[in-house]
Amino acid sequence: MVENTSLRSEVAPILRLRDISKKYYTRDGGVFYALKEVSLDVMPGETLALVGESGSGKSTLARMALNLAKPDAGWVELAGHRTSEMSAQEMKPHRSKIQPVFQDSSATFNPRRTVRQILAQAMRSTSNPDDAEVEAKSIAILEQMSLRPAQQILKRFPHELSGGQRQRLNIARAICVNPSIIVADEPLSGADVSIRGKVLNLLRDIQEQAGVAYLFITHDIAVSHAFANRIAVMHEGKIVEYGEAREVVESPKHPYTKVLIESALLGRERLDALR
Amino acid sequence: MQSTPVLHLKDLSVAFRGVRVVKGVTLTVPPGEAVGIIGETGSGKSTVARSILGLLPEETAEIGFSEYQVEGKPISRSAIPSLRGGKIAMIFQDPLSYLNPIMRIDKQIAESVQLHGKDENVDRRVSELLDLVRLPVSRKSSYPHELSGGMRQRVLIAIAIACRPRLLIADEPTTALDVTTQAKVLDLLRDIRAAFGTSLLLISHDLGVISALCEKIYVMRHGEFLESGSIDTVFGNPQSTYTSTLLEADRLLLDENGRFKTFEGDQTW
């Protein structure tokens, strides 16, 4: 990790998480650490996969990165600004730089707003574009997401879209404010394998065009291997392994990473042998 | 006698309010074997599984088949419910919705033993089952909500095998579980099959899960079986383009432009 930072020393990380801890008190008076001294850097334009199982703390960390929750200790820096110490009001001018894409695409939209209103609200929340600008940008983004015909889609309500279309609208809403980093929390869960490749291709296209970085949260180490530049493995609130994606998957060092890879490979040795 | 299939279902069709979701499929499960049905969301695989035990809503589902045999004996439509538990049992993706939230799990397992079993020592059988599914004795009086997802699935498996069924149908049994837990549940299913000769019909969208457990497979899409055969034949030398694309998508293969391979011309997403 030290080498990584020195290698990229000319470029500052877009997101820095330092020594973040979050604790909860259990019913019997004990202390439970959801996160314990977690540190991560996301570089501009890169994909960092945060891999872990349910309860590992990865979604809690995502909320801290987005300043939707405060750490008990440690800090978050977004493009050089200490966002973890900001109030919601102070966060406002920085909000457009970091955007979420959550897992449940149906729960993140106001059901009584049309696609047009959803995108317009997102754009107006961070700047003051006029109606013509909003309309032009909405159409351009829907086209980019292959949500066609864009004019028709703009009139729809979220429930009138398919699951895959809603997921793309989720991504559209995130990128319409030109963020520097997107925190994507399990964007593929619930997607069939035939859809998975399409979502990944789309995310990669956006990254190439807009230079956006991804903090890609997933339980799937195979997807991380194929999609991310670097991987951080989380287990019981701690980062147990952190490095280049290929290195982590092909020569894991921590026993938990080994178990995770072994479990994910189940049945696949047989498939590979048939190749 | 050895080769008499535990389940043979011919020309199964299912329609919901006139919409055909299963279009004449024929399914055979040989004794003691593990057979998989692989397919994506909406392919009709769960509908096939539920039809076998007559679990589809009678008011809306129209079910038709030309032959239904269990261990060589023809089964009439009205006899299907009597197969449940003793001959064929089933486990599901979300065990929590199949467990009684206000009943301790050992009582729920006991209920199943009493309901279907003969004159057994119920307590002894419950302990035996808990042991079989490797549920710690200390958890036997827990309520479902006090258990982890993996433990709940073990409880459901204990209930399913309580009456020593000849066939266990597992519909996405590990989809909601973490990969490390998934591996343990699959091990358990494999051990049950080895110990009791129980046949297994595994429904999944996950090629890895199917390959880990099954010898034979049916590939399902849009209500039809596109191909079937041994895993080695179907996945080693797929006949339908759908199967080959499924294999490529699963491996996250890249094309010459460095993009993930996806289904050509599929506009449905």
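Touching, or being in contact, means that the C-beta atoms, placed from the backbone, lie within 7 Å. This is a predicted model, where local features need pLDDT of at least 70, side-chain atom pairs count only at pLDDT 80 or more, and totals for chains, interfaces and linings use all residues. Residues are numbered from 1 along each chain as its sequence is written, while chains are lettered from A and ligands numbered from 1 in the order in which they are written.

**The core**

- A:Leu215 and A:Ala65 have the most contacts inside the largest nonpolar core, which has 148 residues.
- Helix α4 (residues 149–161) of chain B brings the largest share of this core, with eight residues.
- On the chain A side, this core draws at least three residues from each of domain 1 and domain 2.
- For the terms: a nonpolar core is a set of buried Ala, Val, Leu, Ile, Met, Phe, Trp, Tyr and Cys residues joined through C-beta atoms within 7 Å.
- A residue is buried if 20 or more other C-beta atoms lie within 10 Å of its own, exposed if 12 or fewer, and partly exposed in between.

**Chain A overall**

- Chain A has 12 helices and 10 strands; helices (H or I, at least four residues) and strands (E, at least two) are DSSP runs, numbered from the N terminus.
- Its radius of gyration is 19 Å, close to the 19 Å that the globule rule gives for 275 residues, so chain A is as compact as a globular protein of that length.
- That radius is taken over C-alpha atoms, and the globule rule is 2.2 Å times the number of residues to the power 0.38.
- Buried residues account for 41% of the 275 residues in chain A.
- Of the contacts in chain A with a separation of 6 or more, 65% are between residues 24 or more positions apart.

**Two domains in chain A**

- Domain 1 covers 1–97 + 181–189 + 212–275, and domain 2 covers 103–178; the bounds come from an automatic or database domain assignment.
- The C-alpha centres of the two domains of chain A lie 27 Å apart.
- Across the boundary, seven residues of domain 1 of chain A are in contact with six of domain 2.

**The open sheet**

- Six strands of chain A line up as β6-β7-β8-β3-β9-β10, with mixed pairing; two strands pair if DSSP finds at least two bridges between them.
- β6 (98–101) and β10 (238–244) of chain A are at the edges with a single partner strand each, so one side of each has no neighbour in the sheet.
- From one strand to the next, the twist averages 15°.
- β6(A) runs parallel to β7 (residues 181–185) of chain A over four bridges, and A:Val101 sits opposite A:Ala184 in β7(A).
- Helix α7 (residues 163–175) of chain A packs on the sheet, touching β6 and β7 of chain A, and its direction makes about 175° with that of β6(A).
- Axes are lines fitted to C-alpha atoms, for helices over the stretch in contact, and angles run from 0 to 180 degrees between N-to-C directions.

**Where chain A meets chain B**

- 26 residues of chain A are in contact with 29 residues of chain B.
- On the chain A side, α8 (193–210), α9 (221–227), α11 (255–264) and α12 (268–273) each give two or more residues.
- α8(A) gives the most to that side, with eight residues.

**A spot in chain B**

- B:Thr233 is in helix α7 (residues 231–236) of chain B and counts as partly exposed, because there are 15 C-beta neighbours inside 10 Å.

Technical notes
Two residues are in contact if their C-beta atoms, placed from the backbone, lie within 7 Å.
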